Structures are given as structure tokens and as C-alpha cells.
Amino acid sequence: MAHRRGRAGIGALKKKGETSKFTKKAEEIKETSLQSALDTVKQLEIKLTKFAQTHHKAIAKDPAFRHKFLSMCAPLGVDPLTSKKSFWSFLQMGDFYHELAVKVAEVCYAYRSRNGGIMSIKEVQNILVRRGTKFRLNEVVTNYSEEDIVLAIEKLKQLGSGFRIVKVGGTRMVVSVPTELDNDHVQVIQLAQDVGGGITVDMVSDMIGWEDDRVKRALDLLLSEGMAWIDKYEGLEFYWFPSVWKDSFAL
Amino acid sequence: MSAWTPVTTLPKQTLTQSGLIAIDSSDNEVQLITRSNMELRSLSPDLLPKPASASASATSAEMDRDINLIVTLTTHRIVFQFQSAIGADTGTAHFLHHCALHPLPHGIQTSGGNWTSNRSYKIHIASLTHGNFNLIFRKGQKDRDSFYEAFHKSLTRRQWEETYRQSQTQTQPRHPRASGTSDSTNNSSHGNKVNKKVGIDAILQRNQHRHERAKNLTNQAFGENKKDKDAKAQEVEVLFREAKELTGIIHKYVATLEKNQKEDTTELTGMLNEMGIITALTKESTEDKSFHELLARQICDFLSMNKAFQIHLGGSGIMTLTDVYCLYNRARGANMISPDDLIEALGKMECLGLGMKLREFEGSGVKVLQETGFDDSVMAKKLINHMESQEGGGNVDGGVVQDFVNFLTGEVEIEIAKNYVGLTALEAARVLKISPLLANEQLLSAEQNGYLCRDVTMEGTRFYKNLFSR
């Protein structure tokens, strides 16, 4: 009996090369799913934020509702209480500064491997202002002033991880490690800021007037803390400071 | 030894390891309000069934009331705890589930507040299982009213039935969808079969329906943000009802988008992982004086599941206060606590016997939270073991070290020609699996205790096994 060989089923399809049609269909389904996901999530971000603003009282007073609301906001990264500065924040109480303190701590931690635990307040501010929801589908601008950040750091001081503000020339730097930075260190960083690039031991001793040993000691500490990077170029050793880059090579 | 009182006849409530009420977070149970100095009186004409724990002797006569209670209301139940027991040892707690109460409006009713008789402010509770009770508020009307409002809301919302309700609504809509589209209204004998979509068409249609439902829900669940107070309250309830389904949709879509996205911003999207959301106990919902104590207990429970922290889960047993602060506040999501609150709460942990305590390193002033089982010498030994495992054989340096030590201490037997290994803070961090900041503190403390010696060079500071101590 003659069987119809290779004319039915998946074998037939594969032979005729028709599986490409299925792959195409699968791609189409994926595309539409992705598009729907994007659209709906975008809508949800807007709606959740708006709802949070209109009903912030209910959220604050009703623990059961708050719990449900937060369960919706958390996976999307929507900040439910972009707490406005109110009367209470003047007295430095309330969620606004606590939230900011948490965010500042997180930013410092995230960037510590790059800059050793020191960064300019302006840089922290830029990062916080740009930071939106998880998928960044909507433009979210939270306005934090430099003063707000300074106050948040004051609060973080008590936690004993070394959070403090250090003045380097005209710039205020946020330090998030307990390393002791004395005047010498600050002056070296300031020099790097003025020069706007890498500095060598000779440059420092020429411009500030210390003996080589003193310069090396300061640079070595900054190097070991990760606040300075060393670059051996053409026989010379250049020290670079990531924390001052953003300022000198302004965006 | 236990007494025979209304509270003890109720079922026992499980507590967490730090003495807090163990709520059913898998069913989204949320703690709402707590009040102390409460009294519960049974109004049943007959004796309540004697609890098994009450002793058989005649001295444990049945009493119709309990005083000095701490009463906590959650979305699923009402819990009674004995006040004197809170502190070092928490004793037992009992609860009454909301489903055991008569449905509204009879389930709970306010009473009291009259001039001559029936003066105290009460809530009358009518249960299906244990008869009727009066819950008496010694602190006045405001207390009673805020409690009643929360109680009433929970009984209206009936959150404990939500999971069941959800499963019911999910099975029903499937039927109209699966049997075809809107043009299948004439169900003739062959009409049905022809209109039913099969294969890929069915999949496509199901997908489309799902997306449309998601879109519709998103539009409808949020109301129009009216200004009117009552309309606002309505909008809240609408969102409340739809929240569970919405959350499901959100999780699905987030998973889809995550797969598609290149995550280079992972470090900034928060340190919160699978920890879930914590009920934010506020000063209003708990009463001022017990606030920090409850906070301490909650933080303890929160960290007890943290794999990076708990020694018995493989963690290090030590965490900086900043990390605790960020993690905990993120989990609260709202009504965040201030650093002052954190420090005060953590300060109480030791005397509450919660298994962790606050510690400040002298010198640097770094503050950490550490488990009571954590021991500096254990860390020091870990470091030394690591160094010893790295030591190879045959090196000139060994000889130099030996000569120097002999010079200083007289005749000391040391293994010759060993490649002594020293660790920097960064390397120690990798060995101990903690942050470099904490690793540095461990190195310093090990040095203080004589386990290690430091060697400061141009390339940095390295800590070596202390050979002088032998």
C-alpha cells in the first residue's frame, strides 16, 4: 500500500520550509505582546502616580489600602509618595527627607566602586533628578535642591557610616566612607579639580610646594581608597580623580 | 496555671521569633491598629468552654473578663495579648477571626458613652462561635472610634475572602471567550463547531483578550480623581477591589519587559529583592511608647529572612546601619522611619533578647547591627585560615622574616621559607563576603586582639598573621 510519504504533519511542513511561517507568527505575537506590555505599563505608571497624589491622605491613613497600593507600585518602581515638601519638612521631619536620605545612600553605594566613596553634590543631584521609574517610559522629574541633599546627609550622619560633606575648593563633595580625609588630601583633590585632568607628584610639589614624600603619602591614601586612579603613561605616573571629572568636563 | 477567661477560650495566635503577631502575608494580611489597656468581657449567660490549658483545680474559677490587654486588629482577625507579658517574655496571644463574627451590621456595634450608666466606650462584638463580647476602651471615645472605623472597614472589605473570590472570577469569563466570538450568537448545531476557533487563531484571540482586559482594567480601576470627599472614598474602594488582579497583570508585564531590557541600571533600582512589603507601623497605629519596641521586633523579623545577614542562612552576621536603614525603609515604602528612630529601636534589641544588637567600632565610629552569635575571633580565624591555605613553599622572604623574629624574641621556632600571605581590606572583603568597610573593621579588630599584624607600604596596608604572639 502506498503511504503518502512526507505529505502530512510537521514533517511535511519542515520539508516545505513552512515552519518559517510559524516563526514569523511567533515573532508577531511576541511583538504585539511587548507592545501591549509597554502601553499598559506606561498607562499604569501615569495612573498610579496621579492616584497617589490625589489620594495621598487615604494612603497614609489606611494600612490595608496602602499595602495593596504599594504592591502595585513596587514592581514598576513608581515612587508612591513623591512627598512634597510641606510644613513638616521645614522641621526636617516626614517622609520627604527620609526618602531622600535612602536615595542618597543608595546612589553613593552604587557609585562607590567607581569613585571610592566621594562625589560632588551636583553629581548626586543629577543622578537623583534623572532617576525615574524602572522602565523610564514617562518623563519623571523630581526636584531636589542641593540644600535638600545636604539636609538628608545630616540625617545619615548618625548611622555611623561616615556620611559627611567635605568642601573641596568651591565644590561640596559627599563622602560616604569613614576614611579620614585631612587638609592635605583635600588640597590634592582641589588641585586635580583646578588642573582639570591627571596630576603627577611633580605637579603637586611644584604648585603647592610640599616635599615629594608628603605628596606621595596623600596620593597613596587616595589611591588605596579608590578615590584616585593611577595611569602610567610614557614613563610618568598620572593620578586621576573620578569625582572631579563630571565637574571639569562639564556635561 | 493558665486562667479560665474569655481570652483564653479563644484559639491561640502564633507569634514570630521576636514576639510579634505572625500574620498571614501569603494571603495579604495587614496589621491595622493596636491599642493597649483594653478590657474584654464576655456577655454569654452560660460559661464559655474551659480551655485545655487551664488547670483542673478549683482555684481557677471562671472569670468573665480580661483586663490589661493589648488588642491588635488586622484585615483578617482581632488579636488579644496580655499586657504584662510584653517585654522580655511575650507569653501567649489569642485571636478571633473576622469570619467568626456575625456579618455586618450585627457583627460589631458601638455602645457606651452615656452619662449615668454604661459610661465607658465599648464595641459590642457578636461572634458565631464564642458568643457575645464587650470590648471596653479605657482611654476614651477617640480611641474607640478610630478602632471601630478600622474594624468596620475590614468587615466590609472582607479581605480574607479575596483569594477565593479571585479564583471564582477567573474561571467564569473563560467560557464565553473559548466558545468563540460575538458572531456565534446563533448556536445552530453546526454553527457552534464552525465558529469555535482552534489552533493559532485561538491562541491569538486569547492573547488579544488578555491584553484588552488589562487595558480596560487599567482605565477603569483608577476612577477620574474627583475632588468630592465621598467620590474619593469610592474611588479608593474600587481600586482596592481591583488591586489584586492589577498586581497580577503588573507582575506579568514587568517580567515581559525585563526580559527585553538590558539592565545596566540594576544597581540603582533599589536594593530590595524578594523581601516584600512590610506593614508600616506608625505612631498612630501603635501608640507612642511602644513604637520603638515594636519597631525593633519588626526589624528583627525582617532581617531574620535575610540571607546576607543571617549566619544560619549563610550570611555574615553583620550589617552596617546604613544598609539596614535603606533596606528596611524601602520595604516599608511609606511612612519611613528616621535614623533617630532606627537607632533608638536597635538600642532596645539587646534587652529585648532579640538575638541581635547595635555595635559601634571605636576609632572609626562605624556602627553596625550584629547577631549575638557573631564573634570577632571567628572572623579573625577565617582570615588566618585563608592566609594559611594560600601559603606555598620556598621563598626568600620566609628566611628574612625568621631572622627578624629571632632577633626580636630570642629563639623561636618558625617554619622556614614560607610565602607569607597578607590581606588588604579589599581581599579580606572577598574572603569574608562582607563589604570592604566592614572587612577593614574586622582586620583592625583582629589586629587589636593580637591575631594579625599590619604592614604599611607604598602599595597600601596589608595584614599578616601575627607570628610574634607565639
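**Close-up views of a predicted two-chain model**

**View 1. B:Cys300 and B:Cys351, two cysteines without a disulfide.** B:Cys300 counts as buried at 1% relative accessibility, where buried means under 20% relative accessible area, exposed over 50% and partly exposed in between (1.4 Å probe, protein chains only). B:Cys300 takes part in no disulfide, and the nearest cysteine sulfur, that of B:Cys351, is 13 Å away. B:Cys351, for its part, is exposed, with a relative accessible area of 63%. With a disulfide taken as a pair of cysteine sulfur atoms within 2.5 Å, the count over all chains is zero.

A word on conventions: this is a predicted model, in which local features need pLDDT of at least 70 and side-chain atom pairs count only at pLDDT 80 or more, while totals for chains, interfaces and linings use all residues. Residues are numbered from 1 along each chain as its sequence is written, chains are lettered from A and ligands numbered from 1 in the order in which they are written, and side-chain values use heavy atoms, leaving out hydrogens and water.

**View 2. The largest nonpolar core.** A nonpolar core here is a set of buried Ala, Val, Leu, Ile, Met, Phe, Trp, Tyr and Cys residues joined through side-chain atoms within 4.5 Å. The largest has 56 residues, and those touching the most other members include A:Phe69, B:Phe80 and B:Leu239. Helix α6 of chain B (residues 229-260) gives this core its largest share, 10 residues; helices (H or I, at least four residues) and strands (E, at least two) are DSSP runs, numbered from the N terminus. A second, separate core of 51 residues includes A:Val104, A:Cys108, B:Ala296 and B:Cys300.

**View 3. Helices α5(B) and α6(B), packed side to side.** Helix α5 (residues 199-221) of chain B and α6(B) pack at an angle of about 140 degrees, with their axes 10 Å apart; axes are lines fitted to C-alpha atoms, for helices over the stretch in contact, and angles run from 0 to 180 degrees between N-to-C directions. That makes α5(B) oblique to α6(B), since angles under 35 degrees count as roughly parallel, over 145 as roughly antiparallel, 65 to 115 as roughly perpendicular and the rest as oblique.

**View 4. A:Thr179 in its loop.** A:Thr179 lies in the loop between β3 (171-175) and α9 (183-195) of chain A. A:Thr179 is buried, with a relative accessible area of 13%. Beyond its neighbours within four places in sequence, A:Thr179 is in contact with A:Arg164, A:Leu221 and A:Glu225.

Technical notes:
Contact = heavy atoms within 4.5 Å.
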